[in-house]
Amino acid sequence: MNGMIWDPRWEQADRGTLEGHQLELLREQVKRCFALPYYRRKMQDAGLSPCDIKSLDDLRLLPFTTKKDFMDNYPFGMFAVPLNEVVRVQGSSGTTTGKSSIAGYTRNDISTWSNLCARLATAAGVGSQDIAQVSFGYGLFTGGFGLHGGLERIGALVIPLSSGNTARQIKFMMDMKSTALISTPTYALRIAEIMKEQGISSKDLFLKWGLFGGEPWSEAIRQQIDAQLGLIATDNYGMSEVMGPGVSYECLQRNGMHVAEDHFIIEIINPETGETVPEGEVGEVVLTTTTKEAVPVIRYRTRDLSRILPGKCPCGRSHRRMEKVRGRSDDMLIIRGVNVFPTQIEGILLSIEHTEPHYQIVLTKRGALDVMEIQVEVTEEIFHDEMRRLKQLEEEIRYRLKNELNVECQVKLVEPRSLQRFEGKARRVVDNR
Ligand code: DLL
């Protein structure tokens, strides 16, 4: 299935044109950054001046930018224009550090951002005839305002509900006949759960498209959302330091997220050495903006792990695709020497019958040993079943995790609806070590 393309000139540009454009923009941006004390110091420390950037490969000479740089220069130290040219700030959700990094936008930046979110919405199937319910939080978080701008730009009817008050979300979906839902995947599942409690099925709704992002989610969760809400769920990715949503997005082929390469340059590096990994290998995503005015960023280390997918996408977009993000390198759990991501655990849990997509990973220490307990809700039906069946289920989960991920863990089946629910991004791991 292929939908429309919002900006065919750039989304379908051939590689040569695209790379020529990237280089031209990069050189201009490096010049602009050199005028900033923050970047000038970093570049001078590396013995570089803007004229050293002669090819796209020379990007590798430039120093990285990290979240810490945003923190150290909080709130406006990374801004490249006078504050009177900045029309808005947004910020990160602060889940990692508890502190927000502040991103600023000029009037042009806001326009570019809306355009990029218009691309992602179009790629996900949405058009001017759609009624789009935005259930991302509005506020500093970039999800709400970002998608809002893009959806308005394509002419969809936008309902800016923000997240929360799930019963009202469902009422609006029915009353207004919303055709697109925009939220975190976690919140989409929560909406589906409350619908079930209220005896409402996807057939009572009008949803066709689901635009989800902001956190890692497995293919197994996607299938559940598709089925429970009766829509086509697509993934999209971004972070406030770089822009917000709109950095990369899936088309209806749902086989990786097209990176908006006319605005961002993507690199995949080995997080330990900082070197670029061979094409197609998994590593840390590093992004450079090429058109942002207020807060241009050079080689931002996202900590997110992904890879560039080979081959062309049948949708006709030429921009390269990155694989669904597995998680942040800081989310990776190391349990008795074995590395594992919560999304991998999620994939296995959901492939087992009688489990619900609500789980929590609790880490504790017993002496020097790490102990991982996986608490997972089971279906109503099995919860009231005999002990033997519950024990079997527990055993099956433990066996699959050991067999497929090589992790030893304890499994605790818990009552339906007993674990915490989230209206934005989920927090799956409780670390009591
Ligand atoms: O989450 C921006 C966004 C909003 C993207 C809505 C898509 C939709 P931050 O709050 O700054 O910005 O968090 C950025 O969230 O570095 C990833 O670790 C994670 N993340 C965002 N989208 C995805 C995704 C927004 N599709 C951080 N898959 C990023 C996996 C994601 N992780």
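In the predicted model, the side chains of Glu 193 and Arg 190 meet in a salt bridge, with an N to O distance of 2.6 Å. A salt bridge is here a side-chain nitrogen of Lys or Arg within 4 Å of a carboxyl oxygen of Asp or Glu. Both Glu 193 and Arg 190 belong to helix 8 (residues 185-197), where they stand three residues apart, about one turn of the helix. Helices (H or I, at least four residues) and strands (E, at least two) are DSSP runs, numbered from the N terminus. An α-helix has 3.6 residues a turn, so residues three or four places apart point the same way. Glu 193 is buried, its relative accessible area being 12%; buried means under 20% relative accessible area, exposed over 50%, and partly exposed in between (1.4 Å probe, protein chains only).

Residues are numbered from 1 along each chain as its sequence is written, and side-chain values use heavy atoms, with hydrogens and water left out. Because the model is predicted, local features need pLDDT of at least 70 and side-chain atom pairs count only at pLDDT 80 or more, whereas totals for chains, interfaces and linings use all residues.

The structure holds 37 salt bridges in total. One of them pairs Asp 235 with Lys 324, with 3.0 Å between the closest N and O atoms. Asp 235 lies in strand 7 (residues 232-239), while Lys 324 lies in the loop between strand 13 (321-322) and strand 14 (327-328), so the pair ties together parts that are 89 residues apart in sequence. Asp 235 is buried, with a relative accessible area of 6%, and Lys 324 also counts as buried, at 14%.

A further salt bridge links Arg 398 to Glu 395, whose closest N and O atoms are 2.6 Å apart. These two residues lie in helix 12 (residues 387-405), three residues apart, about one turn of the helix. Arg 398 is partly exposed at a relative accessible area of 26%, and Glu 395 is partly exposed at 42%. Elsewhere, salt bridges that share partners join Asp 7, Glu 11, Arg 119, Asp 262 and Arg 317 into one network.

Helix 5 (residues 107-123) has 17 residues, which at 1.5 Å a residue should span 24 Å; its end C-alpha atoms are 25 Å apart, which agrees. The expected span of a helix is 1.5 Å times one less than its number of residues. Helix 5 is mostly covered, with 13 of its 17 residues buried. Just after helix 5, Gly 125 adopts a positive phi of about 105°.
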